[in-house]
Amino acid sequence: MAFDYTFSNTSAITVVAANGSSSVTLLAANANRKAFSFYNDSTAVVYVYAGTSTPASSTNFWLKMDANGGFYESTLPVYKGAFNAIWNSASVSSMMVTDFR
């Protein structure tokens with residue numbers, strides 16, 4: 001498998017807000033994605049699911065991120081599909097998402 005090691009010169013930073021007890025889209029699929037990062041800027045744990053076939057939940061997740069600064073940065077090969085997430089609390093919660101293209 002060949003990896004794309006080309007440096008990204010374009011990025012998009014988005015703040016995604018929690019939607020109560022519903023799963024939300026963190027990052028849409030992007031065939032041009034070189035890397036991505038998630039920063040949990042909330043007081044609640046967040047569950048991230050890679051894909052859109054089912055919503056994220058506390059029992060259906062790919063990544064569990066700690067509250068107050070949980071961070072994840074992609075590795076190679078970079079997943080180019082969509083991500084969705086749900087927080088374990090209905091408090092004011094958000095995630096800072098960076099998509100490098």
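Residues are classed here by relative accessible area: buried means under 20%, exposed over 50%, and partly exposed in between (1.4 Å probe, protein chains only). The model is predicted, with local features requiring pLDDT of at least 70 and side-chain atom pairs pLDDT 80 or more, while totals for chains, interfaces and linings use all residues. Residues are numbered from 1 along each chain as its sequence is written, and side-chain values use heavy atoms, with hydrogens and water left out.

**View 1. The aromatic cluster is built from Phe36, Phe38, Trp62, Tyr72, Tyr79 and Phe83, linked by ring pairs.** Rings of Phe, Tyr and Trp (its six-membered ring) pair if their centres lie within 6.5 Å; planes under 30 degrees apart are stacked, those over 60 edge-to-face, and the rest tilted. The count by this rule is eight aromatic pairs. Strands (E, at least two residues) are DSSP runs, as are helices (H or I, at least four), and both are numbered from the N terminus. Tryptophan 62 is partly exposed, because its relative accessible area is 41%. Tyrosine 79 and phenylalanine 83 form another edge-to-face pair, at 5.1 Å centre to centre and with 80° between the planes. How do the two rings differ in burial? Tyrosine 79 is partly exposed at 35% relative accessibility, whereas phenylalanine 83 is buried, with a relative accessible area of 1%.

**View 2. Four strands form an open, antiparallel sheet in the order β2-β7-β4-β5.** Its edge strands, β2 (24-27) and β5 (63-65), each pair on one side only. Neighbouring strands of this sheet are turned by 30° against each other on average, direction ignored; axes are lines fitted to C-alpha atoms, for helices over the stretch in contact, and angles run from 0 to 180 degrees between N-to-C directions. Two strands count as paired if DSSP finds at least two bridges between them. Antiparallel strands β2 and β7 (residues 83-87) are joined by three bridges, and valine 24 has alanine 85 of β7 as its bridge partner.

**View 3. Strand β3 pairs with β8 and with β6.** Six antiparallel bridges connect β3 (residues 35-40) to β8 (residues 94-100), and four connect β3 to β6 (residues 70-73), also in the antiparallel sense. Serine 37 has threonine 98 as its bridge partner in β8 and stands opposite glutamate 73 in β6.

**View 4. Ile13, Val15, Tyr39, Phe71 and Met96 make a nonpolar surface patch of about 500 Å².** Patch residues have over 30% relative accessible area and no salt bridge; like charges are joined within 9 Å, and nonpolar side chains (Val, Leu, Ile, Met, Phe, Trp, Tyr) within 5 Å. A salt bridge is a side-chain nitrogen of Lys or Arg within 4 Å of a carboxyl oxygen of Asp or Glu. Areas follow the Shrake-Rupley method with a 1.4 Å probe; for residues, only the protein chains shown count as cover. Isoleucine 13 lies in strand β1 (residues 11-17) and counts as exposed because its relative accessibility is 59%.

**View 5. Backbone geometry is shown at proline 77 and asparagine 68.** Most residues other than glycine have a negative phi, and most peptide bonds are trans. A cis peptide bond, with omega of about -5°, joins leucine 76 and proline 77; proline 77 is placed in the loop between β6 and β7. Asparagine 68, although not a glycine, has a positive phi of about 60°. Asparagine 68 lies in the loop between β5 and β6 and is exposed, at 60% relative accessibility.
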